[in-house]
Amino acid sequence: MVSGNTPIAPILSNNTFFNNNDGIVLRNYTNHTAAPVLTNNTFTANGIVAIYVAGDSLSGDMTITGNTGSTNKTNGIHLYGTLTKTLTLAPNPNLTYVAGLTIASGQALTIRPGAIVKFSGAGIS
């Protein structure tokens with residue numbers, strides 16, 4: 001798990017996340033000046049999901065792009081919680097976004113061409 005208890009958000013590029021419970025979990029980045037960046041990583045054989053992003057890290061500045069996954073229990077990027085800033089979802093080869101989101105008043109969710117989103121639980125409200 002990567003938690004925002006430090007003043008700088010992680011920048012993770014060109015890594016392999018293999019055989020973990022979750023490939024990576026991002027949380028607690030609401031009050032930071034920079035949001036997490038995950039680019040061109042590979043997620044393989046993780047027990048639950050490739051990438052899990054908690055609501056408190058869902059920021060319009062968050063970058064998750066170019067990541068791939070295979071043989072994870074869920075080859076996906078789970079987004080759960082309340083979206084408190086406008087967020088744009090970029091395509092990630094063979095990693096589907098799985099969303100259970102509440103979008104705060106005045107905010108927006110933009111889905112770029114090629115990004116696949118499936119809704120879980122209550123979906124989007």
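## Briefing: an all-strand chain in a predicted model

Threonine 63 in E8 is the bridge partner of valine 37. The model is predicted: local features need pLDDT of at least 70, side-chain atom pairs count only at pLDDT 80 or more, and totals for chains, interfaces and linings use all residues. Residues are numbered from 1 along each chain as its sequence is written, and side-chain values use heavy atoms, with hydrogens and water left out. The chain has 14 strands and zero helices. Strands (E, at least two residues) and helices (H or I, at least four) are DSSP runs, numbered from the N terminus.

**Whole chain**

- Of the 125 residues in the chain, 42% are buried; buried means under 20% relative accessible area, exposed over 50%, and partly exposed in between, with a 1.4 Å probe and protein chains only.
- Among contacts in the chain with a separation of 6 or more, 63% are between residues 24 or more positions apart; contact means heavy atoms within 4.5 Å.

**Sheet E2-E5-E8**

- Three strands in the order E2-E5-E8 form an open sheet with parallel pairing; two strands pair if DSSP finds at least two bridges between them.
- From one strand to the next, the twist averages 5°; axes are lines fitted to C-alpha atoms, for helices over the stretch in contact, and angles run from 0 to 180 degrees between N-to-C directions.
- Strand E5 (residues 37-39) runs parallel to E8 and is joined to E8 by three bridges.

**Sheet E3-E6-E9**

- A parallel open sheet is formed by three strands in the order E3-E6-E9.
- E3 and strand E9 (68-70) are the edge strands; each has a single partner strand, so one side of each lacks a neighbour in the sheet.
- Neighbouring strands of this sheet are turned against each other by 10° on average, direction ignored.
- Three bridges pair E3 with E6 in the parallel sense.
- Threonine 44 in E6 stands opposite phenylalanine 18.

**Asparagine 41 and threonine 42**

- Asparagine 41 sits in the loop between E5 and E6.
- Asparagine 41 counts as buried because its relative accessibility is 0%.
- A polar atom of the asparagine 41 side chain lies 2.8 Å from the backbone nitrogen of asparagine 15.
- Leaving out residues up to four places away in sequence, asparagine 41 touches several residues, including Leu12, Asn15, Phe17 and Thr68.
- Threonine 42 belongs to strand E6 (residues 42-44) and counts as partly exposed because its relative accessibility is 29%.
- Beyond residues up to four places away in sequence, threonine 42 touches Asn15, Thr16, Phe17 and Thr68.
- The C-alpha atoms of threonine 42 and threonine 68 are 5.0 Å apart in space, while the two residues are 26 apart in sequence.

**Aromatic pairs**

- The structure holds two aromatic pairs; rings of Phe, Tyr and Trp (its six-membered ring) pair if their centres lie within 6.5 Å, and planes under 30 degrees apart count as stacked, over 60 as edge-to-face and the rest as tilted.
- Phenylalanine 17 and phenylalanine 43 form a stacked pair, with 4.7 Å centre to centre and 10° between the planes.
- This pair links distant parts of the chain, 26 residues apart: phenylalanine 17 is in strand E3 (residues 16-18) and phenylalanine 43 in strand E6.
- Phenylalanine 17 is buried at 14% relative accessibility, and phenylalanine 43 is buried with a relative accessible area of 0%.
- The tyrosine 52 and tyrosine 80 rings are stacked because their centres are 6.0 Å apart and their planes are at 25°.
- Tyrosine 52 is in strand E7 (residues 49-54) and tyrosine 80 in strand E10 (residues 74-83), so this pair ties together parts 28 residues apart in sequence.
- Tyrosine 52 counts as partly exposed at 24% relative accessibility, and tyrosine 80 counts as partly exposed at 22%.

**Strands E10 and E12**

- E10 and E12 run parallel and are joined by eight bridges.
- Valine 98 in E12 stands opposite histidine 78.
- Strand E12 (residues 96-103) is mostly covered, with six of its eight residues buried.

How values were computed
A polar contact is a pair of N or O atoms within 3.5 Å; within protein, one must be able to donate a hydrogen and the other to accept it, and residues adjacent in sequence count only if both atoms are side-chain atoms.
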